[in-house]
Amino acid sequence: MSKLLVLAGCTVLLTGCGAASDVSNLVTSTPSTAALAVAELNAQDGNTAMSAYFAANGSYAGATTTSLRTMQPGLSPTVSVTATADRYCVESVVDGVTASVRGPGSAAPGPGPC
């Protein structure tokens with residue numbers, strides 16, 4: 001009986017903390033929404049790697065996907081980069097959904113290709 005009361009109490013607490021709505025959000029999100037979120041995170045990681053590349057080289061010239069992976073081995077294989085001396089674009093494609101970030105100075109990645 002005490003186990004049943006503890007279980008009922010936990011259910012009430014979780015419902016009050018938004019757990020039920022969190023689960024419904026997870027269940028109702030579309031695969032493309034999830035893919036975009038992952039692609040944006042991957043692009044942001046690439047953006048961070050580009051900052052490190054610039055700090056080490058004083059320019060974005062010569063930055064490649066391979067050079068970024070050398071500096072940041074955990075970089076997603078979905079990330080690609082194009083760069084000139086003073087600009088770059090990092091892109092990630094996850095399950096056919098593309099996110100990108102242009103730099104320098106872009107606040108956050110968004111949907112769409114470079």
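Which residues does S76 touch, not counting residues up to four places away in sequence? In this predicted model, S76 touches N42 and R69. The residue lies in the loop between α4 (65-71) and β1. With a relative accessible area of 14%, S76 is buried. Its side chain is joined to that of N42 by a polar contact of 3.4 Å.

The largest nonpolar core has 13 residues. Those with the most contacts inside this core are M50, L68, V81, Y88 and V90. Two or more residues each come from α3 (31-57), β1 (79-83) and β2 (88-94). Helix α3 gives the largest share, 4 residues. In soluble globular proteins, nonpolar side chains tend to be buried together.

C114 is found in the segment after β4 (110-111). C114 has a relative accessible area of 38%, so this residue is partly exposed. Beyond its neighbours within four places in sequence, C114 is in contact with C89, V90, E91, S100 and R102. C114 and Y88 are 26 residues apart in sequence. In space, their C-alpha atoms are 9.1 Å apart.

The structure holds 2 aromatic pairs. In the pair of F54 and Y60, the ring centres are 4.7 Å apart. The planes of these two rings stand at 35 degrees, so the pair is tilted. F54 is partly exposed, with a relative accessible area of 34%, whereas Y60 is buried, at 8%. Y60 also forms an aromatic pair with Y88. That pair is tilted, with 4.7 Å centre to centre and 55 degrees between the planes. It links distant parts of the chain. Y60 sits in the loop between α3 and α4, and Y88 in strand β2, 28 residues apart. Y88 is buried, with a relative accessible area of 7%. Through these ring pairs, F54, Y60 and Y88 are linked into a cluster. Y88 is also among the residues with the most contacts inside the largest nonpolar core.

How values were computed:
Residues numbered from 1 in each chain as written. Predicted model: local features only at pLDDT ≥ 70, side-chain atom pairs only at ≥ 80, totals over all residues. Heavy atoms only, no water. Core = buried A, V, L, I, M, F, W, Y, C linked by side-chain atoms within 4.5 Å. Buried < 20%, exposed > 50% of the residue type's maximum accessible area, 1.4 Å probe, protein only. Polar contact = N/O pair within 3.5 Å; in protein donor to acceptor, adjacent residues only side chain to side chain. Contact = heavy atoms within 4.5 Å. Phe/Tyr/Trp six-rings, centres within 6.5 Å; stacked < 30°, edge-to-face > 60°.
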